[in-house]
Amino acid sequence: MNLRVAAVASLAACGVLLAACGGAAGGAQTQSITLYSGQHVQTAQALAQAFQKQTGITVNIRSDDEDTLADQIVTEGSHSPADVFYTENSPPLESLQAKGLLAKVDSSTLSQIPAKYSSPGGDWVGVSARVSVLIYNPSLISVSQLPTHVSQLAEAKYRGKLALAPQETDFQPIVTAYDRAYGKAATLSWLKAINANASGHVYPDNETIADEVNRGAVAFGIVNQYYWYRMRAEVGAGRVHSDITHFAAGDPGYVVDVSGAAVLKSSTHQAAAQKFLEFLVSKQGQSIIADPSKSISFEYPIASGVTTQAPETPFNQLQPYPMTIADLGTGATAIALMRQAGLL
């Protein structure tokens, strides 16, 4: 996720405000944790504010692209000021886990989430989920003309009509799924073809894809579903000229990926950091994610029996490509293939 400068500035200011307004009873010194967040600004802010209100623990938020923050954590090592790392996707968490930088998540917290959505090693916990979709402009392309399989994006008839955001970490799981389904040689060939088809419409982030498709600058693109719902909430239904649809059931382009959170092994506030993870998967935390009026999230809550309040396909009715968190891995192979294809 490439966060917009204004939003980052807004959240940075919020972090200062949270630190200033938190006070413990009797004037005692307030506990605080530092959250490195690659999640959407409003989602992280809403959760942090609710957590502070419940516990009195201040959350200071440092927000940036999740890959940038993961690299920063590696560079900082045992001296990192981060207590918690909260991401949009699992690969950055898996990468830090492989480097031995994450603490074990409390078993009581892990038990709130179906095991398949959290770290196989117990080093991070899944918080919410999202699914890849095609966003398209019906005035430029009909739903019957759209590809039903992600492999078809390479067809010459889509040249100039396709929008991509390969720098988005959201795109990595699709490349990983394609590689898993068809192998590296086929994936590299496919990536080169879609790079050519998207020429002139390769954008820095999914928000831009949604905006460009909606205004008719390009026919269709690949995003996660919540970008379309967020855009509709922000601009109003009357100004939405696009729609979304899924690839065929079980197709490698139809991918569910997970947003998660972890406690850094180097954190000097282990108990408070673990409490924050506990809050994220609690009914209150999941209800904030489920309610777009509170978090502007439009992601799927995956714990505590909470379901989204947004009018989108229910999570239990999705039919994605069968792939586990372990299969998604660190994303390193997907990144390497995209670099070879000239997409990065």
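Buried, in this talk, means under 20% relative accessible area; exposed means over 50%, and partly exposed is in between, with a 1.4 Å probe and protein chains only. By that rule Gly285 is buried, because its relative accessibility is 0%. I'll come back to that glycine.

Ground rules next. This is a predicted model, so local features need pLDDT of at least 70, side-chain atom pairs count only at pLDDT 80 or more, and totals for chains, interfaces and linings use all residues. Residues are numbered from 1 along each chain as its sequence is written, and side-chain values use heavy atoms, with hydrogens and water left out.

Overall picture. The protein chain has 14 helices and 9 strands. Those are DSSP runs, numbered from the N terminus: helices are H or I with at least four residues, strands are E with at least two. The C-alpha atoms fill a box of roughly 70 × 45 × 35 Å along the principal axes. How does the radius of gyration agree with a compact globule? For 344 residues such a globule would be near 20 Å, and the chain has 20 Å. That radius is taken over C-alpha atoms, and the rule is 2.2 Å times the number of residues to the power 0.38.

Buried residues make up 56% of the 344. Contact means heavy atoms within 4.5 Å. Of the contacts with a separation of 6 or more, 76% are between residues 24 or more positions apart.

Surface and charge. The chain exposes about 13500 Å², and carbon and sulfur atoms supply 51% of that. These areas come from Shrake-Rupley with a 1.4 Å probe; for residues, only the protein chains shown count as cover. There are 22 positive and 28 negative charges, and their mean positions are 2 Å apart. Lys and Arg count as positive, Asp and Glu as negative; His and the chain ends are not counted. Each charge is placed at NZ of Lys, CZ of Arg, CG of Asp or CD of Glu.

Now the core. In soluble globular proteins, nonpolar side chains tend to be buried together. Here a nonpolar core is a set of buried Ala, Val, Leu, Ile, Met, Phe, Trp, Tyr and Cys residues joined through side-chain atoms within 4.5 Å. Which residues have the most contacts inside the largest core? Phe171, Leu191 and Phe220, in a core of 102 residues. Strand S4, residues 125–136, gives this core its largest share, 8 residues. Take Phe171. Beyond four places in sequence, Phe171 touches Leu164, Ala165, Pro166, Trp190, Leu191, Ile194, Ile222 and Met338.

Helix H9, residues 225–235. Its buried residues include Tyr226, Trp228 and Arg230. The cover over the buried residues of H9 includes helix H2 (41–55), S4, helix H8 (206–214) and S9. After H9 comes Gly236, with a positive phi near 95 degrees.

More on phi. Most residues other than glycine have a negative phi. Two exceptions sit in the loop between helix H12 and S9. Ile296 is in that loop, with a positive phi of about 50 degrees. Are they buried or exposed? Phe298 is buried, at 8% relative accessibility, whereas Ile296 is partly exposed, at 26%.

Back to H2. Lys53 lies in that helix. Lys53 is exposed, at 77% relative accessibility. Gly56 sits in the loop between H2 and strand S2 (58–63). Gly56 is partly exposed, with a relative accessible area of 25%. Leaving out neighbours within four places in sequence, Gly56 contacts Thr30, Gln31 and Phe51. Gly56 and Gln31 are 25 residues apart along the chain, and their C-alpha atoms are separated by 7.3 Å.

Next, Ala303. Where is it? In the loop between strand S9 (300–301) and helix H13 (325–328). Ala303 is buried, at 2% relative accessibility. Ala303 and Tyr117 are 186 residues apart in sequence, and 9.9 Å apart C-alpha to C-alpha.

Last, Gly285 again. Gly285 lies in helix H11, residues 283–290. Which residues does Gly285 touch, not counting those up to four places away in sequence? Leu47, Phe279 and Leu280. From Gly285 to Asp83, 202 residues apart along the chain, the C-alpha separation is 18 Å.
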